[in-house]
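Hello,

Here is the structure I promised to pass on to you. Have a look at it first, and then read on for what I found in it.

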Amino acid sequence: MSDAPLILTLAFDEPTFARFDGLRRRHFPEAINFIPAHATLFHHLPGERERAVIETVASLARTVPPPEVAVTGLRFTGRGVAYVLESEALTAFRARLAQAFAGHLTPQDAQGWRPHVTVQNKVDPKVARALHADLQQGFAPFRFTAPGILLWRYLGGPWEEVSTMTFGENA
């Protein structure tokens, strides 16, 4: 058991993961691309409470059918590009988790949640603007069904996968 922070992300189906991770591998600076494509639900949960975090997330995930997620557009972030995600079911699930972890949330995790998948970050704004324009030209909204949740341990750059929890086992 470690006290390193835990990160909670959305699991993607295989085609969606391949699409986002391929873009991330192509456009994210290689020297700082330690992790696969992801959509973060919480950036910093208490590592010293790992077992309780897993139990809470798993028990809530089991009661929720796998949520459908819409990929609705692209966001220029100034020094990068992200795909915008929308899902009422996923937002409600995250709100339930936020309530369960209320005493342990950092200010970043306690504020509003804007789900997204970052495929480029920490580049010159001109490079980011060009990628945004290029991806925008060929963009068509699409949907995917999220199979579950992934829990990671933050290792100062790289992440270590801790647990995978599936949606809908008791839904």
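Two strands are said to pair if DSSP finds at least two bridges between them. Please also keep in mind that this is a predicted model.

With that rule in hand, here is one of the sheets: four strands form an open sheet in the order β2-β1-β7-β8, and their pairing is antiparallel. The edges are taken by β2 (40-45) and β8 (159-166); each has a single partner strand, so one side of each is left without a neighbour in the sheet. From one strand to the next, the twist averages 20°. Inside this sheet, β1 (residues 6-10) and β7 (residues 148-154) run antiparallel and are joined by five bridges. There, L8 stands opposite L151 in β7.

Which strands does helix α2 lie across? Helix α2 (residues 50-62) lies across β1, β2, β7 and β8, and runs at about 35° to β8. Helix α3 (residues 88-100) lies across β1, β2 and β7, at about 15° to β2.

Now to another open sheet, again of four strands, with the order β5-β4-β3-β6 and antiparallel pairing. Here β5 (116-120) and β6 (142-145) stand at the edges with a single partner strand each, so one side of each has no neighbour in the sheet. The twist averages 30° from one strand to the next. Strands β3 (residues 68-76) and β4 (residues 81-86) pair in the antiparallel sense over six bridges, and F76 stands opposite V81 in β4.

This sheet has helices packed on it too. Helix α1 (residues 14-27) touches β3, β4, β5 and β6, and its direction makes about 35° with that of β5. Helix α5 (residues 125-137) touches β3, β4 and β5, with its direction at about 135° to that of β3.

As for the chain as a whole, there are five helices and eight strands, running β-α-β-α-β-β-α-α-β-α-β-β-β from the N terminus on. A compact globule of 171 residues would have a radius of gyration near 16 Å, and the chain has 16 Å, which agrees. Its C-alpha atoms fill a box of roughly 45 × 35 × 30 Å along the principal axes. Of the 171 residues, 49% count as buried. The chain exposes about 8,700 Å², of which carbon and sulfur atoms supply 51%. Finally, among contacts between residues at least 6 apart in sequence, 77% join residues at least 24 apart.

Notes: Residues numbered from 1 in each chain as written. Predicted model: local features only at pLDDT ≥ 70, side-chain atom pairs only at ≥ 80, totals over all residues. Heavy atoms only, no water. Helix = DSSP H or I, 4+ residues; strand = E, 2+ residues; numbered from the N terminus. Axes fitted to C-alpha atoms, helices over the stretch in contact; angles between N-to-C directions. Contact = heavy atoms within 4.5 Å. Rg over C-alpha atoms; globule rule 2.2 N^0.38 Å. Buried < 20%, exposed > 50% of the residue type's maximum accessible area, 1.4 Å probe, protein only. Areas by Shrake-Rupley, 256 points an atom, 1.4 Å probe, with all protein chains shown as cover.
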